[in-house]
Amino acid sequence: MMDRENIMQAAQIHLVVATLIMTVTFTAGFTSPGGFDNDIDSTNKGMAILLRRSAFRAFVVTDAIAFTSSAVAVFTYFAMAASVISVTELPVVMRLYKFATFLQLVAMSAVVIAFVTGMYATLAHSVGLAVTVCVIGCISFVMCLWVTYVLGSKA
């Protein structure tokens, strides 16, 4: 069983990870895969070039999910550390920690999917390479499940 101090130490590390994911997903949202239409005469000037591709749309949605999940996790960890929310009782701290950790896992999963879909959208003309990148990206889910199983069985 974890005490309040151990939870707060773990939350500090999670806060750094959540902030990094939030920063990366924010940047990815503005540096769109495939770039933007910069033709002066185009009615689509400034729009994402790959906007009509399903893989690009999946990238945008998963990037937004990762950003939002990380942002809420950051806020939750910050609230825990700043004691804005009355977190004097261990059950309250544990609930906040578990909620933020769940959001962090959602964000990490969404980042992997955003990476895979963004790469697929930009590599669509090279199907073999695009599929290879997708397979490599999906291996991370298998690895995460394996690590969770191994760590869970030792607890």
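Tyr120 is partly exposed, with a relative accessible area of 33%; the class lies between buried (under 20% relative accessible area) and exposed (over 50%), judged with a 1.4 Å probe and protein chains only. Tyr120 belongs to helix α3, which covers residues 90–122. The model is predicted, so that local features need pLDDT of at least 70 and side-chain atom pairs count only at pLDDT 80 or more, while totals for chains, interfaces and linings use all residues. Residues are numbered from 1 along each chain as its sequence is written, and side-chain values use heavy atoms, with hydrogens and water left out.

The chain contains four helices and zero strands; these are DSSP runs (H or I of at least four residues for helices, E of at least two for strands), numbered from the N terminus. Read from the N terminus, the order of elements is α-α-α-α. Of the 155 residues in the chain, 31% are buried.

Tyr120 also takes part in a nonpolar surface patch, together with Val127, Val131, Val135, Ile139 and Met143. Together, these residues have about 520 Å² of accessible area, computed by the Shrake-Rupley method with a 1.4 Å probe and with only the protein chains shown as cover. Patch members have over 30% relative accessible area and no salt bridge, and nonpolar side chains (Val, Leu, Ile, Met, Phe, Trp, Tyr) are joined within 5 Å, like charges within 9 Å. A salt bridge is a side-chain nitrogen of Lys or Arg within 4 Å of a carboxyl oxygen of Asp or Glu. Helix α4, residues 127–154, gives the most to the patch, with five residues.

Cys138 is likewise found in helix α4. Cys138 counts as partly exposed because its relative accessible area is 41%.

Arg4 is partly exposed because its relative accessibility is 30%. Its C-alpha atom is 8.1 Å from that of Met94, a residue 90 residues apart along the chain.

Helix α1 (residues 4–30) and helix α2 (residues 54–82) have axes that come within 8 Å and cross at roughly 150°; axes are lines fitted to C-alpha atoms over the stretch in contact, with angles from 0 to 180 degrees between N-to-C directions. By class, this contact of α1 with α2 has 18 nonpolar, five polar and one charged residues. Here Ala, Val, Leu, Ile, Met, Phe, Trp, Tyr, Cys and Pro count as nonpolar, Asp, Glu, Lys and Arg as charged, and the others, Gly among them, as polar.
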